[in-house]
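Hi there,

Here is the structure I promised to pass on.

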Amino acid sequence: MTYLVGKDLPQTPAGQRFRALLNKQGILQIPGAHNGQAALQAKDNGFQALYLSGAAMSASMGLPDLGIITIEDACFFIRQIARSSGLPLLVDGDTGYGEVLNVMHMVRAFEDSGAAAVHIEDQILPKKCGHLNNKKLASPQEMAQKVAAAAKARRDMLIIARTDAASSEGLDGAVARARLYYEAGADAIFPEALISEDMFREFVRRMPDVPLLANMTEFGRSPYFTASQFEDMGYRMVIWPVSSLRAANKAQEDLYKTIARTGGTQDMLPRMQTREELYKTIRYYDYESLDAGIVATVLPHIGQADRNAA
């Protein structure tokens, strides 16, 4: 399947497809995908929805996650992931890129680019990763206005409100904010940077009627839990926001170290995606078959002796 063939495209809006997945029994597992290739690899491993992290977008551009990127930067990533995979995509909308009208513009731009859902957070600029220190928060009322504006701007997109208040206002403050945001029109709540199983469970206990999203980021403040453990706690969604980027970046670092050390890539070949694997992932032959003017590709098959001689 390719995005070029109209009849192969999903006929149901992405937001409706995301909502249908959320309404199914069990927890919705949403891995991060930082580009179109990662999105296809996640899809091929059976995932039904994807997440696009602001930190992953920023880092992909060589920038820190400090609210530097723009709406149009994000739309570039949204389009490639939604187009390549066809899966409903939840996007990190940071603080909404400004105030009420900016939030509405973001929702329209993201939804028009193919996003199924967006979450916005109650920090103010310059924002920081939710697992870092000294985050500055907007007032609950200001954030509630943004949530209401986002809900007014969307067609089918789900609006998820993230609160970063647990670290500075405690669980009581975070729950109070979350309840206000839900009443303002959020479809779900994302309590960020909870630091213990007890906190995760208590948040569910206090908001039993609200779909909740858990963030399973690495190297943060939250303990490591599996999807089934989060489901047992009562969460409806779990994201692994930057995992694909971290793994890819580590592999790239090892590659460059190897080239610098040995002057070649031969030692890295067992850890590389082959040409055949790449073409299979990106549906190369499906695209090729759409144009009769393209001669069918035959992959080169080089033996080990030839590799050593090359």
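Below are my notes on the strands, the salt bridges and a surface patch.

This is a predicted model, in which local features need pLDDT of at least 70, side-chain atom pairs count only at pLDDT 80 or more, and totals for chains, interfaces and linings use all residues. Residues are numbered from 1 along each chain as its sequence is written, and side-chain values use heavy atoms, with hydrogens and water left out.

Strand 4 runs parallel to strand 3 (residues 89-92), joined by 3 bridges (strands pair if DSSP finds at least two bridges between them). H119 is the bridge partner of D92. Between strands 3 and 4 the chain passes through helix 5 (residues 100-113) in a right-handed β-α-β crossover (right-handed means that, with the strands pointing away from the viewer, the path from the first strand over the helix to the second runs clockwise). Strand 4 also pairs with strand 5 (residues 158-163), parallel and over 5 bridges, where A117 has L158 as its partner.

Now for the charges: there are 22 salt bridges (a side-chain nitrogen of Lys or Arg within 4 Å of a carboxyl oxygen of Asp or Glu). One of them joins D187 and R19 at 3.6 Å, N to O. This pair links distant parts of the chain, 168 residues apart, with R19 in helix 1 (residues 14-22) and D187 in the loop between helix 7 (166-184) and strand 6 (188-191). D187 counts as buried at 16% relative accessibility, whereas R19 is partly exposed at 32%. Another salt bridge, E197 with R201 at 2.9 Å, sits within helix 8 (residues 197-206), the two residues being 4 apart, about one turn of the helix. R108, E111, D112 and R155 are linked in a salt-bridge network.

Finally, L290 lies in the loop between helix 12 (284-289) and helix 13 (304-309) and is partly exposed, at 44% relative accessible area.

Best wishes

Note on methods:
Buried < 20%, exposed > 50% of the residue type's maximum accessible area, 1.4 Å probe, protein only.
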